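Subject: Structure for you to look at

Hello,

Please find the structure below. My notes on what was found in it follow.

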Amino acid sequence: MTRWGMVIDLDKCFACQSCTLACRMENNTPVAGPDQAARGRTILWNEVLPSIDGSYPRPTVTLIPRPCQHCDSPACVRVCPVGATYKNEEGLVLVNYSRCIGCRMCTVACPYQVRYFNWYPPEWPEALRAHLNPDPEVAPRPRGVVEKCTFCVQRLRKAREGAAAAGRAFQATDYIPACVQTCTGHARYFGDLDDPDSLVSQLARSPRAFRLQEEMGTQPKVYYLKQG
Amino acid sequence: MVKLSRRAFLRTAGTAATSLAALAAAGGMHALLEGSQNVGPGPDDAVAAAAPAQESWVKTTCALCPSGCGLNVRVVDGRAVKVEGNPLHPVNQGACCLKGQAALEALYSPERIRRPLLQTGARGGGDWQEISWDDALQRVAGILARLRAAGQPQSVVFLHGQTRGQMRDLIQRFMTAYGSPNAIALESPDEQAARLAMFVTQGINGFPVYDLANARYVLAFGGNLLESSRHVMAYLGAAALMRRGRPDRGRLVAVHPRLSLTGIKADEWVPIRPGTYAALALGMANVIIDDGLYDKDFVRDFTFGFEDFSDDGGRAHMGFKSLVLDRFGPDQVATITGVPAADIARLAGEFATNRPAVAVLPLEPHGLDDGHELYTAMAIHSLNALVGAIDSSGGVLVQRYPRLAPWPAMAADATARAGLAQPRADGAGSSDENLGAGAAGRLADRIRSGQPYPVQALFLQGVDPVHDGSAGPDCAEALLKVPFVVSFASTLDESAAHADLILPASSFLETWGDDYLEGTGFAGLSLHQPVLESPVGDTRDVGDVLLQLAALLGGPVAAAHPWHTYGDLVQERLAGADVDAAALARNGIWSELSYPHAAPGSPAWRDVVGRDRLNAPSDGRFDFFARELFAALETPEDAGCLPGFELPVAASDATAEAYPLLLISQGLMTEPAGWAGIIPSLQECYGLQSNTRWDSWVEISPTAAAAAGLASGDLVWVESTAGRVQARARLYPGLWPDAVFMPGWQGRFTNVRWGRGAPPNLQVGANANALRAGDGITRVRVYRA
């Protein structure tokens, strides 16, 4: 079985936030605007999180790009009272928007804070609706549901259809999320963690590899490679 | 060559009409959007079969910053819905930065001006009337014809910003045929200094190209290499390659008073007192020379002015070695720069012994910002000659260009000849364009004073000098002094607000054009083509408008422009001997992807050292002592021909007590140089370290904040002798203790309601450029609002 995972090499990540906006444009997260942004309601599934410590002249600044970690043991799924959040058989943690009741238990439970609540129906200035991605999986979500990174699940579906149309078997390398494709430092890798020969499997076994908050027992499928 | 027809491109560039049975029709999604309460399908829901969408991918080239990346745009049912990087393009190699990702928000921006606008009331008053293109062009042509008939063609100024491919040549050609010497590129003093430093030392009139991918040691002075530099995407790819793409790991060092993302991600950040880069470079040269670590063979055989020398008249001159050994000892430089002497010595040693090493100049506005940018740039570039990094792998390269079809001959009439003989409106020496650069920042002053002659008509293209102060302070007043101002703005920027007429330009995603592969060194071309069947509004390409104006003017101006459209012009130029048009059409880029390194002293060496010299001998020697300056200066002194350092006025002047802090500038990754309107998604991730969205901020060091009694989040005034602006304070330890930083892009006005609860009119953040009092560094004080 395929188990989708990602590796982010912090040595090649320059914190440019291109992943952040590639994700927005691919997945139709709405424009929050200055007022809602000031209330902390900006929806960006794939943010870069800064942490600033220490003092001049040697401050320590770490910048962690943070998609959904697609945990193998996801806290969000355990707390969802209606089964709207689930992990599928390929390890993707997804939300069934039509089941979600907006209780936001998952947004609290997630140790990575990757889950975003729609406080109101998604809005764009009218003219900007022209560029929305027409893929049905990313149709703008209604008010009152929680949304998050899906590893661009619409791309997985399209890659499978593309392989079928070409009359060949689907391969794991046919599919990458938007953030991986756009990465300016080519720092992101994506693939099948269950295939021991895949690039992501090999990198996940690197001595530089670590995962965020492993002590939580969530078993993330996003691995980071230490800088330097 | 292959006919570059638009349809052929769309066919070759994209997969024609892919049938995606499972893809819901766009109409279906829009129905969902109209009533957002509808429940969208969850990822696990069965996807309804719907009518097949027409989907294609169109290759084009980005223009939101000077990088010029290849793009691949997904178009579904006539709408551009996603931008990716073109994997075949050598600049970005498939990657796409956040500005490119957000380019569709510029394309479809509700701020865009969709028809020509005439300001009917007082300029700046905001009473605009839509008029037809015919009416607009007749008005412009009428005024141009009248000025020309009156023998004043020189009184027309065309002020432009970044231009791509053939566009700069077309502007120049139009103005030349018309009879004005005033096609003026509004280049920052920092960019001009880099170009000029290349010219006076190396004899090349162009920006240096840095081969970071092959360098073992990269020392970046000023600017913001991995966020806002001219070739940021090429550098990001190269920096990744330096680290993980080859067996020997390179080292990246960033020198700046502020810790940018470049500094954070570099192997080392060297904090430095604002405005003292030249001293550090010369201090490093001192150590390298004193310890004998320089490339002695290269310096002896291929440089000029290293040792003291006597000229033909027997006059003794100081050489570079004496200059740095006498005046720039590490202890002395440590006092000037605040960089400890031990660090200066270590950096010098690392630079000289980890070759190939390269010292990188910032090719961007405010990159050096010390008021003496030319001599600073010469000092930094001289480090490259010391280690022989001229045209070598991992060193400084010279951008190569393809041979294109020649421009048709053009005959200037007597009126044009008389106009062209006039001095330039900005005071640049028009007969000597290499050394004449650097004057654009005085243009506003000169227009206000009516010197050397009154400007009667002004075109603004791709510039917003009222906002950024790039033509000098009080630019709005200067614009109001000009009787007729035409803007090609896409959105109502602050300069366009003071125009008589706006001829709204199509965006780069709607037009034909070309671009060179600048920053890679490779000769080659990148293609611009429209991604949509027709522009979003009734806008026109600036090139097309110039050709239409030329036709309306008739006579020699029309004769010099025999093309119906700018696309025709580009097509004719690209029919040159070198270009593989079929590959260009198929891949969106054409290049041999190879760089012809010249060995020192070889016949090819003259292409990289001395090629463009005017008054200095093209003897294949890199000038530590700039013979070009010696010949050009009226009273040449040795100090005026050698790299040098002067303490910026602002660091020591009489206002120091009242204004104790130094305002520094640095470009950010989230700032689109090529768009003056609001791009909402860039605003939503605008300030990464300060976590600021849709706003400005004032970065202040914890020590300065403590002295002023300020805490993070306080609303403060930042005040200089030129004015004051308000923003929230952010305490940041990555800052020279006496410096404050504000982002320079913000402070723009918008008349769009951006999101729920937002006001219909808004100034997004504060305009820090309003604080600039003159060249170099500005002194400010910060206090609670």
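Leaving out residues up to four places away in sequence, Ser109(B) touches Ala127(A), Thr491(B) and Gly677(B); two residues are in contact if their C-beta atoms, placed from the backbone, lie within 7 Å. The model is predicted: local features need pLDDT of at least 70, side-chain atom pairs count only at pLDDT 80 or more, and totals for chains, interfaces and linings use all residues. Residues are numbered from 1 along each chain as its sequence is written, while chains are lettered from A and ligands numbered from 1 in the order in which they are written.

Ser109(B) sits in the loop between helix H4 (103–107) and strand S4 (117–119) of chain B. Helices (H or I, at least four residues) and strands (E, at least two) are DSSP runs, numbered from the N terminus. Is Ser109(B) buried or exposed? Ser109(B) has 23 other C-beta atoms within 10 Å, so it counts as buried. The cut-offs are these: a residue is buried if 20 or more other C-beta atoms lie within 10 Å of its own, exposed if 12 or fewer, and partly exposed in between, with C-beta atoms placed from the backbone. Ser109(B) and Ile679(B) are 570 residues apart in sequence, yet their C-alpha atoms are 7.7 Å apart in space.

The contact between the chains

Chain A puts 71 residues into the contact, and chain B puts in 71 residues. On the side of chain A that touches chain B, the elements that each supply at least two residues include helix H1 (18–27), strand S2 (47–53) and helix H5 (153–165) of chain A. H1(A) gives the most to that side, with 7 residues. By class, that side of chain A has 38 nonpolar, 19 polar and 14 charged residues. Here Ala, Val, Leu, Ile, Met, Phe, Trp, Tyr, Cys and Pro count as nonpolar, Asp, Glu, Lys and Arg as charged, and the others, Gly among them, as polar.

Chain B as a whole

Chain B holds 27 helices and 31 strands. Its C-alpha trace spans about 75 × 65 × 55 Å along the principal axes of the chain. For 785 residues, a compact globule would have a radius of gyration near 28 Å, and the 26 Å of chain B agrees with that. The radius of gyration is taken over C-alpha atoms, and the globule rule is 2.2 Å times the number of residues to the power 0.38. Of the 785 residues of chain B, 61% count as buried. Among contacts in chain B between residues at least 6 apart in sequence, 73% join residues at least 24 apart.

Which residues have the most contacts inside the largest nonpolar core? They are Ala281(B), Met284(B) and Val740(B), in a core of 316 residues. H10(B) provides the largest share of this core, 11 residues. A nonpolar core is a set of buried Ala, Val, Leu, Ile, Met, Phe, Trp, Tyr and Cys residues joined through C-beta atoms within 7 Å. Neighbours within four places in sequence aside, the contacts of Ala281(B) are Phe221(B), Ala359(B), Ala379(B), Ile380(B) and Leu383(B).

Strands

Ala359(B) belongs to strand S15 (residues 357–360) of chain B, where Ala357(B) and Ala359(B) point one way, Val358(B) and Val360(B) point the other way, and all are buried. Strand S9 (residues 217–221) of chain B runs parallel to S15(B) and is joined to it by 4 bridges; strands pair if DSSP finds at least two bridges between them. Leu219(B) has Ala359(B) as its bridge partner in S15(B).

In strand S17 (residues 457–461) of chain B, 5 of 5 residues are buried. 5 bridges join S17(B) to strand S6 (residues 156–160) of chain B, in parallel, and His160(B) stands opposite Gln461(B). S17(B) also runs parallel to strand S18 (residues 484–487) of chain B, with 4 bridges, and Leu460(B) has Ser487(B) as its bridge partner there.

Two helices

The buried residues of helix H13 (residues 330–337) of chain B are Pro330(B), Val333(B), Ile336(B) and Thr337(B). Seen down the axis of H13(B), they fall within an arc of 120 degrees, so they line one face of the helix. The arc is that of the directions from the helix axis to the C-beta atoms. Helix H10 (277–290) and helix H14 (341–353) of chain B are among what covers them.

In helix H12 (residues 320–327) of chain B, the buried residues are Phe320(B), Leu323(B) and Val324(B). Their arc, seen down the axis of H12(B), is within 85 degrees, so they too line one face of the helix.

Regards
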